[in-house]
Amino acid sequence: MTAQDATPPTAPTRAVTLTRQFAVASLIGLIALGLAWELWLAPVRPGGSWLALKVLPLCVPLAGLMKNRMYTYRWVSLMVWLYFTEGVVRATSDRPPSAYFAMAEVVLCVVLFVACAQHVRLRLRNARLRAAEHTSISTATP
């Protein structure tokens, strides 16, 4: 590998950074909402419930999103639909205020999905552009 073959790491674009921030913020929001909802605001049973443990799987991908790992963004965009489904079911079956928290969960899930999907899309597009640029530079060099 020569010095010409090595491509310097490029700074992420503003859109990639923004989608990362939205993904991390909505994931932290889902964790905070789930804990507050099930422990203090509107628990299934007075005094809190074991249903608060549903946020534990959300804590696992937080480190991957913070470290900007592409694979994490991909599988979080699939996992979030479980929480979306729970939110829709509880929004239509629970009484207020629990129904309101379920609606907030649905909104956070949609934001998380869109942010993750856009993040992956933008990073793949940027990688393709860099690869094409690198290929055109290396073929133009004698």
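A: Happy to. The model is a predicted one, and its second largest pocket has a volume of about 200 Å³. Its lining runs through Thr 10, Ala 11, Pro 12, Thr 13 and Val 16, then Asn 68 and Met 70, and finally Arg 123, Asn 126, Ala 127, Leu 129 and Arg 130. Sorted by class, these residues are 6 nonpolar, 4 polar and 2 charged. Helix α4, residues 98–140, supplies the largest share of the lining, with 5 residues.

One lining residue deserves a second glance. Asn 68 lines the pocket and sits in the loop between α2 and α3. Its backbone has a positive phi of about 65°, although Asn 68 is not a glycine.

Two packed helices are described by the angle between their axes and the distance between the axes. For α1 (residues 14–41) and α2 (residues 56–66), the axes come within 10 Å and cross at roughly 160°. An angle over 145° counts as roughly antiparallel, so that is how α1 and α2 run relative to each other. The crossing of α1 past α2 is left-handed. On the α1 side, the contact uses Arg 20, Ala 23, Val 24, Leu 27, Ile 28, Leu 30 and Ile 31, and these meet Leu 58, Cys 59, Pro 61, Leu 62, Leu 65 and Met 66 of α2. By class, this contact has 12 nonpolar residues, no polar ones and 1 charged.

Helix α1 also packs against α3, here at an angle of about 35° with the axes 13 Å apart. This crossing, too, is left-handed. Arg 20, Ala 23, Leu 30, Trp 37 and Glu 38 of α1 make the contact with Tyr 73, Val 80 and Arg 90 of α3. Its residues divide into 5 nonpolar, no polar and 3 charged.

Pro 97 lies in the loop between α3, residues 70–93, and α4. The peptide bond leading from Pro 96 to Pro 97 is cis, with omega near 5°, a detail to have in view when you inspect the backbone there.

Notes: Residues are numbered from 1 along each chain as its sequence is written. This is a predicted model: local features need pLDDT of at least 70, side-chain atom pairs count only at pLDDT 80 or more; totals for chains, interfaces and linings use all residues. Side-chain values use heavy atoms; hydrogens and water are left out. On a 1 Å grid over the protein atoms alone, a cavity is a set of points where a 1.4 Å probe fits but cannot get out, and a pocket is an open set with protein on both sides within 12 Å along at least five of seven lines; lining residues have an atom within 4 Å of a point. Grid points are joined across faces, edges and corners, and a volume is the space filled by probe spheres set on the points. Helices (H or I, at least four residues) and strands (E, at least two) are DSSP runs, numbered from the N terminus. Ala, Val, Leu, Ile, Met, Phe, Trp, Tyr, Cys and Pro count as nonpolar, Asp, Glu, Lys and Arg as charged, and the others, Gly among them, as polar. Axes are lines fitted to C-alpha atoms, for helices over the stretch in contact, and angles run from 0 to 180 degrees between N-to-C directions. Angles under 35 degrees count as roughly parallel, over 145 as roughly antiparallel, 65 to 115 as roughly perpendicular and the rest as oblique. A crossing is left-handed if the near helix is turned anticlockwise from the far one by less than a right angle, and right-handed if clockwise. Contact means heavy atoms within 4.5 Å.
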